[in-house]
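Hi there,

Here is the structure I promised to pass on to you. Please have a look at it first, and then read on for my notes.

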Amino acid sequence: MLDKKYLYTPGPTPIPPQVTAAMARPMIGHRGQEFAGLHGEIVEKAKVIFQTTNDLYVLTTSGTGGLETAIANTVTPGDRVLALVTGNFGERFAKLASTYGGLVTKLEFPWGTTINMEQVDEVWKAKGPFKLVLATHNETSTGVTNDIAALGEYFANTESLLLVDAVSSMGAMDIRTDEWHVDIMVTGSQKALMLPPGLALISVSPKAWPIIEANSGVRFYFSLLEARKSFDQCNTPWTPAVALFYGLDAALDLILAEGLDNVFQRHARMAAAVRAGARALGLGLLADDSVASHTVTAVLPDLDIGTDTLSKILQEDMGVMFAGGQGQLRGRLLRIGHMGYCSELDVLMAIAALEMALYKAGIAIDLGAGVKAAEALLCIPEA
Ligand SMILES: Cc1ncc(COP(=O)(O)O)c(C=O)c1O
């Protein structure tokens with residue numbers, strides 16, 4: 001078999017050649033003017049994608065490190081925290097807060113569904129106020145997108161800070177950090193930002209700074225006060241992953257050149273096509289259309305053969321990587337990532353591969369039905 005890999009995991013994602021080439025540039029010292037110039041430009045471009053005028057920092061760490069930064073800088077032991085949990089990554093955010101000594105009230109929603117504002121209201125009235133509210137914009141483990149605008153509106157006039165994990169959606173979906181009143185927004189590099197793992201980006205609102213300054217909890221590498229001090233000279237407190245910064249600069253240029261609206265629409269089209277394709281093959285979908293993520297689709301095959309068998313055929317016979325289920329959905333899901341450097345044609349290939357895997361596994365399907373259904377959505381001429 002030709003040794004070619006097709007990566008459809010919801011992170012890491014494929015890297016555009018322009019980004020790979022940028023990362024191969026000669027190394028520079030990170031305390032010089034050249035790095036400072038690059039860093040300053042990156043931050044300005046990233047703010048466009050975050051749709052924010054807040055301060056923004058690029059951290060050398062993975063997405064979880066970005067979330068830990070958000071927590072380490074705002075949670076003093078004993079603080080009251082409301083964690084809105086719609087899946088595995090919401091769980092992780094809650095766990096981070098309790099690890100730092102937060103007194104966490106977890107409001108959990110069935111996996112595959114989204115945050116319900118009526119329940120948020122009930123908890124706030126019964127148990128509030130909370131210093132922090134934690135939410136996941138795009139829950140990668142279940143393929144749902146939460147309505148952060150509604151949350152932001154609810155908490156904007158309270159004392160609470162709203163901390164949002166947008167690790168698997170920033171750069172692919174319309175995320176309005178300022179309009180939605182998000183105090184701390186976090187993303188990671190290896191998803192829609194089209195980079196290898198290793199960077200996290202975090203924005204901080206004026207409402208959050210006094211809390212961060214007053215926080216007496218422990219932090220060192222993840223100190224936002226240190227990041228802010230260094231950024232006065234467009235620097236970083238510790239050695240940054242310079243090659244990834246080169247790559248980020250190139251990736252942000254690609255996103256801005258395509259245009260944010262075009263990027264958002266491409267992701268919406270790809271998500272709709274994957275869902276139509278899976279349905280046409282008789283497969284279930286975990287999330288309802290109205291809340292389905294544009295970057296990852298959670299397919300619930302519910303067949304006699306397990307998803308592990310299908311994944312094995314996909315990987316070993318075709319070099320195709322989907323992700324499986326996590327936590328309580330382990331062994332039940334196939335998660336197909338369609339974000340970042342992913343085109344409509346790539347999505348058709350994913351559906352074609354899924355069809356072939358089902359066929360090879362002996363499942364009676366109408367070969368071509370999935371691709372046809374997906375194609376029908378992608379062929380609609382642009383207005
Ligand atoms: C929504 C979400 N949050 C957090 C993370 C954790 O990021 P990382 O694996 O880069 O630490 C991920 C990674 O898949 C994610 O999808």
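**What I found**

Helix H5 (residues 117-127) lies across E3 and E4, running at about 150 degrees to E4. Before I go further, please keep in mind that this is a predicted model.

E3 and E4 belong to an open sheet of 7 strands, in the order E2-E10-E9-E8-E5-E3-E4, with mixed pairing. Strand E2 (55-60) and strand E4 (103-108) stand at the edges, and each has a single partner strand, so one side of each is left without a neighbour in the sheet. From one strand to the next, the twist averages 20 degrees. Strand E3 (residues 80-85) runs parallel to E4, and 6 bridges join the two. If you want a spot to look at there, Leu82 stands opposite Thr105 in E4.

How many of its residues are buried? The count is 9 of the 10, so H3 is largely enclosed by the rest of the structure. Gly63, Gly65, Gly66, Leu67, Glu68, Thr69, Ala70, Ile71 and Ala72 are the buried ones. Their packing partners include sheet strands, namely E2, strand E8 (161-165), E9 and E10. They also pack against helix H4 (88-99) and helix H8 (224-231).

Gly63 turns up again at the ligand, which may be the part you care about. There, 13 residues surround the ligand, and the closest are Ser62, Gly63, Thr64, Thr140 and Val167. By type, this shell divides into 9 polar residues, 3 nonpolar and 1 charged.

Finally, some notes on the chain as a whole. It has 13 helices and 15 strands. The radius of gyration is 21 Å, close to the 21 Å that the globule rule gives for 383 residues, so the chain is as compact as a globular protein of that length. Its C-alpha trace spans about 60 × 55 × 40 Å along the principal axes. Of the 383 residues, 50% count as buried. As for contacts between residues at least 6 apart in sequence, 71% join residues at least 24 apart.

Best wishes

Notes: Residues numbered from 1 in each chain as written. Predicted model: local features only at pLDDT ≥ 70, side-chain atom pairs only at ≥ 80, totals over all residues. Near = placed C-beta within 6 Å. Nonpolar A, V, L, I, M, F, W, Y, C, P; charged D, E, K, R; others polar. Pairing = 2+ DSSP bridges. Helix = DSSP H or I, 4+ residues; strand = E, 2+ residues; numbered from the N terminus. Axes fitted to C-alpha atoms, helices over the stretch in contact; angles between N-to-C directions. Contact = placed C-beta atoms within 7 Å. Rg over C-alpha atoms; globule rule 2.2 N^0.38 Å. Buried ≥ 20, exposed ≤ 12 C-beta atoms within 10 Å, placed from the backbone.
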